[in-house]
Amino acid sequence: MSELTLTVMRLGFLAVLWLFVIVAVQVIRSDLFGTKVNPRSARRAAAPAAGPGRQAGPPPPQQPTAATQAQPRQRRGAPTQLVVVQGSLAGTTVALQGQTITLGRAHDSTIVLDDDYASSRHARIYPDQAGQWTVEDLGSTNGTYLDRQRLTAPTPLQPGMPIRIGRTVIELRK
């Protein structure tokens, strides 16, 4: 083998070895420090700037769609909030206004769970046609538990029943 070929092979091997080291350091760094989570308020506050010929102001009102008209009205005495009672987000409250609430590690979830046992799209809580709140596991790896029972199908929720996703416990409250 020529000296030139041997030198090129050595340099190639050295480059691959350094690439491996850099990737290993990045993986360790992401495990130690986690991913950067942007606050939701900053995302909402960032509005597109008004360009030339465009006026900055409130967007035009949208016509109600069939999806918004079909939302059931809340009954008197129905739960009004979703409260995180255990986990890293303990004390967080989400008002129930007839919309679907998604739970998981994905940044676009309604409640972003910083939990090693949560999937990116773990579960959702939504109102059914009768106005009853229902919880559904979205095919998560570690499962969603409702009062110590693993969910296998969409299940109606009662106020005060604990929903467990990893180390996070959530309850419906009035």
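User: What makes two strands count as a pair here?

Analyst: Two strands pair if DSSP finds at least two bridges between them. In this predicted model, β7 (residues 145-146) and β8 run antiparallel and are joined over two bridges. Two bridges meet the cut-off of at least two, so β7 and β8 count as paired. Within that pair, Tyr145 stands opposite Arg150 in β8.

User: What makes β3 and β4 a pair, and in which sense do they run?

Analyst: Two bridges join β3 to β4 (residues 111-112), and these strands run parallel. The cut-off is at least two bridges, so β3 and β4 qualify. Leu103 stands opposite Ile111 in β4. β3 also pairs with β5, in the antiparallel sense, over three bridges. There, Ile101 stands opposite Ile125 in β5.

User: Why are β2 and β8 said to stand at the edges of their sheet?

Analyst: Start with the order of that open sheet of six strands: β2-β1-β11-β10-β7-β8, with antiparallel pairing. β2 (93-95) and β8 (149-150) each have a single partner strand, so one side of each is left without a neighbour in the sheet.

User: How many helices and strands does the chain have, and what pattern do they follow?

Analyst: The chain comes to three helices and 11 strands. Along the sequence, the pattern reads α-α-α-β-β-β-β-β-β-β-β-β-β-β.

User: What makes a group of residues a nonpolar core, and which residues have the most contacts inside the largest one?

Analyst: The members must be buried nonpolar residues joined through side-chain atoms within 4.5 Å. The largest such core has 20 residues, and those with the most contacts inside it are Leu82, Ile101, Leu103, Ile125 and Leu157. Several strands supply at least two core residues each, among them β1 (81-86), β3 (101-104) and β5 (123-127).

User: Which residues does Leu82 touch, leaving aside its neighbours within four places in sequence?

Analyst: Its contacts include Thr92, Val94, Ile101, Ile111, Ile125 and Ile170.

User: How do you know that the charged end of Arg124 sits over a ring?

Analyst: The ring belongs to Tyr126, and the charged end of Arg124 lies over it, 4.2 Å from its centre. The distance cut-off is within 6 Å, so 4.2 Å passes that part of the test. As for aromatic pairs, the count comes to zero.

User: How much of the chain is buried, and how much area does it expose?

Analyst: Buried residues make up 25% of the 174 residues. "Buried" here means under 20% relative accessible area. The chain exposes about 12,600 Å², with carbon and sulfur atoms supplying 57% of it.

Methods
Residues numbered from 1 in each chain as written. Predicted model: local features only at pLDDT ≥ 70, side-chain atom pairs only at ≥ 80, totals over all residues. Heavy atoms only, no water. Phe/Tyr/Trp six-rings, centres within 6.5 Å; stacked < 30°, edge-to-face > 60°. Lys NZ or Arg CZ within 6 Å of the ring centre and 35° of its normal. Buried < 20%, exposed > 50% of the residue type's maximum accessible area, 1.4 Å probe, protein only. Helix = DSSP H or I, 4+ residues; strand = E, 2+ residues; numbered from the N terminus. Contact = heavy atoms within 4.5 Å. Areas by Shrake-Rupley, 256 points an atom, 1.4 Å probe, with all protein chains shown as cover.
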